[in-house]
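Here is a short note to read alongside the model.

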Amino acid sequence: MPININRILNPVELSVAREGGALRYAIALAGSFRAQLVLCFSGSKLPTKTIKSATEREMDELIRRALEIYLAVPSASQVDWESIVIEAEDVAQGIVQEAARRGVSLIVMSASRHPVLHALLGSVAESVCRTAPCPVLVTHPSEHEWVGATTGEIDLRVVLVAHDFSDYSELALQHGLAMAQKFQSELHLLHVISEPVLQESEPAGSKAAIENIYHQTTQRLNTAISAQARLGCQVKTVVRWGKPYREVLSYVKEHAIDLIAMGAHGAGFEINALFGSNVDRVLRQVNCPVLIARHLKPELENRA
């Protein structure tokens, strides 16, 4: 099934220093996919005086200036955008509800990190990743970037998909493949055989058993992408042994990965299990943007 990105929501603050690259990514992707950009401001994040005193025209002017700063271009007229203000006590819930209501196909947002503990991802970003009605692209400050800071041009060279053969990792593959084909990037497909599997092999730890598992997994991974899909980008499949999150993080460093696509749920990758899931650990420690693949769940129409 082709991936269609037609509306991108970006939770944003008017502070240039705080927002970092998420707005820049959102603008660049909106331009590339010809998607509408919805800039979402939280009432709890904006000074009350700003909300009450700023007219709609003044607010648009503030946003336009922010767009120009991030893109470093004379105007933001090429981007189809609108702004909304959410006044909600629970910011994450407000973002998720607005994304569902508007049928958003991608949320792009930044997350802070704790300087010592790899950042407890930031409660808002963490909550949105767990409950969003669509995929979420998470960026971090001081990371390996692929959207030009002064040009807004996308230079996405290597996309990594963490694949565990679950339905959600298939969804991650669809998104990763779509991005790789769109920007003519390399696509690396990585499966990690976890340590418990090694212990259950018969006879345990034997060379023949290990080789058999490896070859079967490699063959299965090679068939995950059709020959036709491979025509749109260069594909590399890799099988490793160990703890999934550790191998993903190691692979990112070894191969200068620009973007990771992972399913929100899967075999051992459950993001709902905080402080322990593979997705959660990758999000907290990786040095590049991460795309959390989720099924689209637009808000259902109210029923009488």
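1. **Ground rules.** This is a predicted model, in which local features need pLDDT of at least 70 and side-chain atom pairs count only at pLDDT 80 or more, while totals for chains, interfaces and linings use all residues. Residues are numbered from 1 along each chain as its sequence is written, and side-chain values use heavy atoms, with hydrogens and water left out.

2. **The whole chain.** The protein chain has 12 helices and 10 strands; helices (H or I, at least four residues) and strands (E, at least two) are DSSP runs, numbered from the N terminus. Of its 304 residues, 49% are buried, where buried means under 20% relative accessible area, exposed over 50% and partly exposed in between, with a 1.4 Å probe and protein chains only. Among contacts (heavy atoms within 4.5 Å) with a separation of 6 or more, 76% link residues 24 or more positions apart.

3. **Strand β6.** Do have a look at β6, residues 158-162, where five of five residues are buried. Val158, Leu160 and Ala162 point one way, Val159 and Val161 point the other way, and all are buried.

4. **Neighbours of β6.** Strands count as paired if DSSP finds at least two bridges between them. Strand β7 (residues 186-193) runs parallel to β6 and is joined to it by five bridges, with Val161 opposite Leu189. Between these two strands the chain passes through α7, and the β-α-β crossover is right-handed; that is, with the strands pointing away from the viewer, the path from the first strand over the helix to the second runs clockwise. Strand β9 (residues 259-263) is also parallel to β6, through three bridges, and Leu160 has Ile260 as its bridge partner there.

5. **Helix α5.** This helix is mostly covered, with eight of its 11 residues buried: Val91, Ala92, Gly94, Ile95, Val96, Glu98, Ala99 and Ala100. What covers them includes the strands β1 (7-11), β2 (36-42), β3 (81-86) and β4 (106-110), together with helix α6 (123-131). As background, an α-helix has 3.6 residues a turn, so residues three or four places apart point the same way.

6. **The largest cavity.** The structure holds two cavities of 30 Å³ or more, and the largest has about 90 Å³ of space. On a 1 Å grid over the protein atoms alone, a cavity is a set of points where a 1.4 Å probe fits but cannot get out, a pocket is an open set with protein on both sides within 12 Å along at least five of seven lines, and lining residues have an atom within 4 Å of a point. Grid points are joined across faces, edges and corners, and a volume is the space filled by probe spheres set on the points. Residues lining the largest cavity include Ile5, Leu29, Phe33, His175, Ala178 and Met179. The elements giving two or more residues to this lining are α2 (22-33) and α7, and α7 gives the most, with three. By class the lining has 11 nonpolar, one polar and no charged residues. Here Ala, Val, Leu, Ile, Met, Phe, Trp, Tyr, Cys and Pro count as nonpolar, Asp, Glu, Lys and Arg as charged, and the others, Gly among them, as polar.

7. **The second largest pocket.** This pocket has about 280 Å³ of space. Its lining is made of 21 residues, and Ile3, Asn4, Ser105, His175 and Leu296 lie nearest the centre. Elements giving two or more residues to the lining are α5 (91-101) and α7 (167-183); the largest share, three residues, is from α7. The classes are 12 nonpolar, seven polar and two charged.

8. **Two positive phi values.** Most residues other than glycine have a negative phi. Arg34, in the loop between α2 and β2, has a positive phi of about 55°, and it counts as exposed because its relative accessibility is 79%. Phe165, in the loop between β6 and α7, has a positive phi near 70°; at 18% relative accessibility, Phe165 counts as buried.
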